[in-house]
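User: I am new to this structure and would like to go through it step by step. Could you take my questions in turn?

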Amino acid sequence: MTRLGRWCAVAVAASLLVVAPLVGRWLPAGSADAGPEELLATARAAVDRPWSGSAETEGTLQLPDADRFGTVTALFGERTDLRVWWRDREHWRVDRLLLTGETDQVRDGDTTVEWSYERGEASYSREPDLRLPRPADLVPPVLTERLLRGVGPADVTVLPSRRLAGESAAGLRVRPPSPLSSIDHVDLWVGEDSDLPLLVEVYADGEARPSFTSRFSDVSTEPPGDDVLDFEPTPSTDVERDDVLDIADAANQYAPVRPPATAAGLALGPASDGAVGVYGEGTAQVIAIPLRDREAGALREQMAITPGVEQDSERTVVTLGPLGVLLTGADGDGGWLLAGTLTRDALEQAGRDVSTGFVFVEDRR
Amino acid sequence: MSSSASVIRTDGLTKKFGRVTAVDAVGLDVREGDVYGFLGANGSGKTTTVRMLLGLVLATSGSIEVLGEPMPASGRDVLTRVGALVEGPAAYPHLSGRANLALLDSAGPDGPRRTRDRRIEESLERVGLAQVDRRPVRAYSLGMRQRLGLAGALLRRPRLLVLDEPTNGLDPQGINEIRRLLLELNREGTTVFLSSHLLGEIEQLCTRVGVLDGGRLVLQDEMDALRGPTGRTEVRTPDPARAREVLASITDVDVEPADDGLLVRGLDPADLNDRLVSAGVRVSGLAPERRRLEDVVLAATTSGTDRFGREGERP
Amino acid sequence: MIRAELTKLLRNRRTWGTIAIINALPTLVAVLLAITDLGPRPGTGPAFLAAVLTDGTLFPLAALAMVLPLFLPIAVALTAGEAIAGEAQQGTLRYLLVRPVGRTRLLVAKLVAVMAFVVVTVLVVAVVAYVVGVALLGDQTVTVTGPTTSVSGTPMSTPELVGRTALAFGYAMLCMLGVAAVALFLSTLARTPLGAAMGAMTLLVASTLLLTLDAAQALHPYLLTRHWLAFVDLFRDPIRWDDVVRGVLVQGAYVVVFLGAAWASFTTKDITD
């Protein structure tokens with residue numbers, strides 16, 4: 001073989017190897033036979049069916065970095081690799097994979113265990129009424145179910161099919177039914193074989209790239225076995241029992257306040273029975289958490305150095321893509337933290353409504 | 001011309017490095033039993049040619065046959081019967097000479113392990129390194145390394161030895177030993193291809209000569225033919241003036257003065273001697289004049305002999 | 001030929017010097033951990049380092065996580081960069097080739113020798129780290145605390161731990177194949193062994209850097225170092241094979257391409273050193 005011939009052989013081998021991983025992506029996607037209505041129903045139902053797989057979420061929202069919201073900041077601002085085993089809404093396991101270990105949440109009915117490898121610690125807590133977002137909320141089927149609340153067939157259009165996680169998936173574009181939503185649209189693709197949402201993309205107003213993406217890289221509809229869903233701590237594990245799951249749960253249980261019944265015209269959701277208020281649903285939703293002065297002060301400081309912040313004596317507010325974060329009050333005060341997918345005007349209105357409309361109650365303890 | 005088999009034969013052998021033609025249509029012809037002197041100034045393309053013969057450098061065009069087989073296509077087969085020393089010896093500095101030879105022998109085909117130790121000892125003995133201890137090669141002198149390189153070339157009793165400047169770095173004593181060794185090997189049937197820029201070395205050892213100049217083979221012939229008689233007779237005498245007088249009377253005889261006598265053309269040596277001695281001229285030496293290799297090479301090359309090293313220049 | 005290469009490798013004092021240096025870091029870390037009892041904060045430091053404080057039998061893995069990103073690939077790059085360029089610089093290459101040793105054979109023998117170096121190095125790291133870990137940090141399997149805990153929080157029996165550790169070390173060896181192939185290719189081009197090694201290290205650094213860059217995401221699946229730390233996945237429960245398998249495939253691809261390039265380059269090269 002000549003010199004040129006040898007180099008050509010090497011070049012051909014190299015290009016084949018470069019192209020090989022792309023072949024799966026280039027297979028033609030089928031055309032969807034299901035209509036938008038049927039697709040909506042399928043997408044919503046996924047959360048009640050068993051499945052398991054590897055998912056990956058990616059957020060571009062640089063939230064203010066405050067200690068007690070740590071995981072939330074990471075979830076919305078970074079890439080997160082997840083491994084999920086889902087039997088139904090009350091029995092699942094979601095592993096958040098880290099380079100140096102993992103943090104797993106395993107839910108078994110009313111109890112949720114969080115296992116952290118690096119701390120060597122397993123904390124048990126009861127499943128609270130209200131809490132901050134956690135990885136399990138962001139897996140495509142779960143996120144889809146939440147975003148589709150209140151969405152009807154009139155709000156969706158069909159998108160061209162794509163190949164995702166090794167199958168052809170039908171696409172839907174969802175426009176938020178509520179004018180108060182800061183989300184421009186949500187694109188989602190439902191696998192034609194697995195009937196599971198495989199990719200969810202959330203777009204803010206006027207943004208060409210999604211602010212938040214959640215996708216399956218690999219998924220199966222096999223029901224997960226007990227061996228993966230049972231968590232049994234080893235003798236060397238520190239076992240803890242937590243009364244409160246996170247800051248939202250703590251405030252909800254113990255803050256001696258009650259939020260008003262409406263905010264920015266949105267009604268208080270059915271889950272709200274304590275100090276924390278959740279208003280609206282689906283793509284137009286906001287959570288209102290009462291914070292003590294120490295917590296509020298730390299958060300206010302962090303928010304004040306976030307790019308695009310606006311601050312006056314009434315409130316501190318930042319908008320990050322579709323997500324608005326508002327903290328009422330000024331330095332030295334406690335305040336209400338409002339976070340949600342509302343337009344700027346609606347969020348400011350909700351802030352005023354909550355800070356003027358809440359009532360004190362007797363300390364439940 | 002001898003009719004023995006061809007050991008190295010190249011035809012139109014050419015090597016270009018980019019736009020520079022290092023070797024230009026060289027047609028070597030080395031025959032079985034030759035001690036072939038491959039003479040060329042530094043930079044004449046000698047080493048490139050040697051490397052092409054051994055398959056290290058790939059020819060741009062032309063063909064090579066070594067031991068009757070094409071190179072580099074049959075290299076695996078041919079090179080087991082060739083011993084080589086190319087541009088100085090080389091060895092792993094942290095290992096001893098013996099370990100180096102063993103490693104080299106075990107690296108390629110046709111070096112049976114059964115006979116390895118014996119062959120290594122024999123080779124070391126032949127090159128005068130038999131007494132060498134377990135010192136690593138790092139501690140060897142230049143001359144010792146040269147000998148070790150030669151031992152490596154002899155390890156499998158090759159039919160052809162290709163040696164590039166084999167006496168580099170040796171003292172006069174060592175040079176003599178190596179010359180004797182090469183002649184001895186040649187008597188035993190080994191063909192020797194000796195590449196050198198030293199005229200004297202080639203002149204003393206070789207039976208055939210090829211001269212490379214600027215990448216071209218400008219001369220290739222038997223040493224005897226090159227150094228043939230010139231037809232003149234060298235006369236050494238303490239009485240050059242008397243001798244001239246005596247010879248002046250003879251017609252058709254040319255006489256030229258030389259260093260310590262005369263150069264005479266037109267008389268055969270016996271007759272010349274008779275006339276001089278009868279006339280009472282004392283003659284201390286008388287022999288037919290032969291051509292010197294230096295003159296032949298000078299005539300054939302454009303570069304001049306100043307670019308060839310003389311014996312005296314050796315370190 | 002392979003035998004000759006192995007002899008050369010094992011009789012070279014530098015081989016053992018390199019191995020000693022590679023082992024120095026984990027040993028130092030073990031000593032420091034034993035003295036201070038200070039683990040890395042979560043999310044920082046090499047994998048398993050937090051866990052070794054309670055279980056010294058995991059120390060070989062922590063040592064692997066320490067040497068795999070930098071020390072080991074540099075040692076491999078140096079060794080493989082030496083392969084052809086070193087022989088050429090020494091002048092021994094021409095004597096090997098006229099011995100004769102086929103050029104393809106020589107390349108394969110060199111790769112085998114480099115891999116032998118990797119295997120020996122990694123095994124020495126494992127053994128040294130085990131001894132150091134158990135001696136300085138304790139052995140959980142013989143203490144009251146019971147079996148080792150997997151990354152997912154489930155118990156791992158001793159045979160399971162040994163098996164997975166063996167797999168992880170095997171995987172680490174495989175990961176070095178790609179570096180070896182790249183350095184070997186550069187070694188056929190470069191005039192000096194150091195040049196070849198530097199070239200391979202440049203690729204490593206570039207690969208590591210691109211991995212942190214979101215803009216280079218399209219390139220990530222092709223990067224040499226992309227899946228190196230995936231050996232941690234072997235200690236999850238159930239074992240997560242995706243990245244490990246992908247890592248093996250990437251290394252395979254690098255070996256095919258760069259060994260091919262080394263072959264194309266070396267077999268048609270004029271040896272003029």
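User: Leaving aside its neighbours within four places in sequence, which residues is Lys16(B) in contact with?
Analyst: This is a predicted model, and that should be kept in mind throughout. Lys16(B) has its place in strand β1 of chain B, which runs over residues 6–17, and its relative accessible area of 44% makes Lys16(B) partly exposed. Once the neighbours within four places in sequence are left aside, the residues in contact with Lys16(B) are Thr21(B) and Thr60(B).

User: How far apart in space are Lys16(B) and Pro72(B), C-alpha to C-alpha?
Analyst: In sequence, Lys16(B) and Pro72(B) are 56 residues apart. In space, taken from C-alpha to C-alpha, the separation of Lys16(B) and Pro72(B) is 17 Å.

User: Is Asp95(A) buried or exposed, and which side chain makes a polar contact with its side chain?
Analyst: Asp95(A) lies in strand β3 of chain A, residues 91–98, and because its relative accessibility is 0%, Asp95(A) counts as buried. Leaving aside neighbours within four places in sequence, its contacts include Trp85(A) and Glu102(A) in chain A as well as Ser152(C) from chain C. The side chain that makes a polar contact with that of Asp95(A), at 2.8 Å, belongs to Arg93(A).

User: Which residue of chain C forms a salt bridge with Glu102(A)?
Analyst: Glu102(A), which is among the residues in contact with Asp95(A), also takes part in a link between chains, where the count between chain C and chain A is 1 salt bridge. In this salt bridge the closest N and O atoms are 2.7 Å apart, and the partner of Glu102(A) is Arg236(C).

User: Which helix of chain C gives the most to the side that touches chain A?
Analyst: The contact takes 43 residues from chain C and 37 residues from chain A, and the area buried between these chains is about 3000 Å², with 60% given by carbon and sulfur atoms. Across this interface there are 12 residue pairs in polar contact. On the side of chain C, the element that gives the most, with 10 residues, is helix α9 (residues 242–267).

User: Why do the buried residues of helix α9 of chain B lie on the same side, and what arc do they cover?
Analyst: In this helix, residues 240–248 of chain B, the buried residues are Ala243(B), Val246(B) and Leu247(B). On the other side of α9(B), Ala241(B), Glu245(B) and Ala248(B) are exposed, while β13 (254–258) is among the elements that cover the buried residues.

Methods: Residues are numbered from 1 along each chain as its sequence is written. Chains are lettered from A and ligands numbered from 1 in the order in which they are written. This is a predicted model: local features need pLDDT of at least 70, side-chain atom pairs count only at pLDDT 80 or more; totals for chains, interfaces and linings use all residues. Side-chain values use heavy atoms; hydrogens and water are left out. Helices (H or I, at least four residues) and strands (E, at least two) are DSSP runs, numbered from the N terminus. Buried means under 20% relative accessible area, exposed over 50%, partly exposed in between (1.4 Å probe, protein chains only). A polar contact is a pair of N or O atoms within 3.5 Å; within protein, one must be able to donate a hydrogen and the other to accept it, and residues adjacent in sequence count only if both atoms are side-chain atoms. Contact means heavy atoms within 4.5 Å. Buried area is the accessible area (1.4 Å probe) that two parts lose on being put together, summed over both. A salt bridge is a side-chain nitrogen of Lys or Arg within 4 Å of a carboxyl oxygen of Asp or Glu.
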